[in-house]
Amino acid sequence: MSTVAFITARGLFGRRRALLLLPLPLLLIGLAAICRAYDVSPDMWGQAVIVGLGLTVVLPVVALIVGTGVLGSEVDDGTIVHILTKPLPRYEIILAKFAVAASVTAVVAAVPLFVTGALAGSVKLGGALAVASVVGALAYSALFLLFSLLSRRPVLVGLVYILVWEGLLGNFVSGTKNLAIGQYVITIADKIAPTAIIESTIGMTTAIVMSAIFIVLGTLAAINRLASFSVAGETS
């Protein structure tokens, strides 16, 4: 399992896709730093930068890039056959891929969000954003890893989920908020460090339980899906 994780991490950072992880986090920190340098009140920029950019764009997009990259490219080019011929249980392969995806996403998203929260004047807020980002990284990674096994265009499917389900429907249809990872992340951050910058619409219990459901069911579904692949890389 550790070997698969190492190969996955090396392959992920060896691709050009890894370069896509940097611009959004840097933009997030840059905007917060500029606002802080010009003494702009966090009440004026906090929600747009922290929530509008950080939690609803940076975190899910980074998770999408990483989550679909750890396995999706191997499915597309057929190299997954080399993994499937190894004497490894399918669940170990998925768990290794998931661990890499969640870890990379958590680091890339949590660090800039912590810095942004601190620049907003509160280390506690930064810590809350970091914790919420880790939970979101786990949930998003499980979902997007599953997408990479269900579709040949997992990035497109993931973007539909982020933009349409969480973005469009999440703002106008209240029921979808209970099935949106982004709402869980916002709630966790808000409950840990209550502030006017972040306003949650669901309860903490719902956020934690639903996050766990996404993580567990997404991972189990991915394991089941990979188990349906034959040695030739086709599904049975």
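A: First, a term we'll need: a polar contact is a pair of N or O atoms within 3.5 Å, and inside a protein one of them must be able to donate a hydrogen and the other to accept it. Bear in mind too that this is a predicted model.

With that in hand, let's go to serine 141. You'll find serine 141 in helix α7, which runs over residues 123-150. Its side chain reaches the backbone nitrogen of alanine 102, with 3.5 Å between them. Alanine 102 also turns up among the residues that serine 141 touches beyond its neighbours within four places in sequence; the others are Phe98, Ala101 and Thr105. Is serine 141 buried or exposed? Its relative accessibility is 0%, so serine 141 counts as buried.

Now for the stretches around this spot. The unreviewed UniProt entry annotates residues 93-115 and 127-147 as "transmembrane region", along with 47-72, 154-173 and 202-223.

Zoom out and the helical theme carries on: the protein has ten helices and zero strands. Of its 236 residues, 49% count as buried. If you take the contacts with a separation of 6 or more, 72% are between residues 24 or more positions apart.

One more feature to look up while you have the model open is the largest pocket, with about 280 Å³ of space. It is lined by 14 residues, and the closest to its centre are Val51, Thr56, Asn171, Gln183 and Ile186. Helices α3 (42-69), α8 (154-172) and α9 (181-192) each put at least two residues into that lining, and α8 gives the largest share, with four. By class, the lining has eight polar, four nonpolar and two charged residues.

Methods:
Residues are numbered from 1 along each chain as its sequence is written. This is a predicted model: local features need pLDDT of at least 70, side-chain atom pairs count only at pLDDT 80 or more; totals for chains, interfaces and linings use all residues. Side-chain values use heavy atoms; hydrogens and water are left out. UniProt positions are given in the numbering used here, feature names are shortened, and annotations may be inferred rather than shown by experiment. On a 1 Å grid over the protein atoms alone, a cavity is a set of points where a 1.4 Å probe fits but cannot get out, and a pocket is an open set with protein on both sides within 12 Å along at least five of seven lines; lining residues have an atom within 4 Å of a point. Grid points are joined across faces, edges and corners, and a volume is the space filled by probe spheres set on the points. Ala, Val, Leu, Ile, Met, Phe, Trp, Tyr, Cys and Pro count as nonpolar, Asp, Glu, Lys and Arg as charged, and the others, Gly among them, as polar. Buried means under 20% relative accessible area, exposed over 50%, partly exposed in between (1.4 Å probe, protein chains only). Contact means heavy atoms within 4.5 Å.
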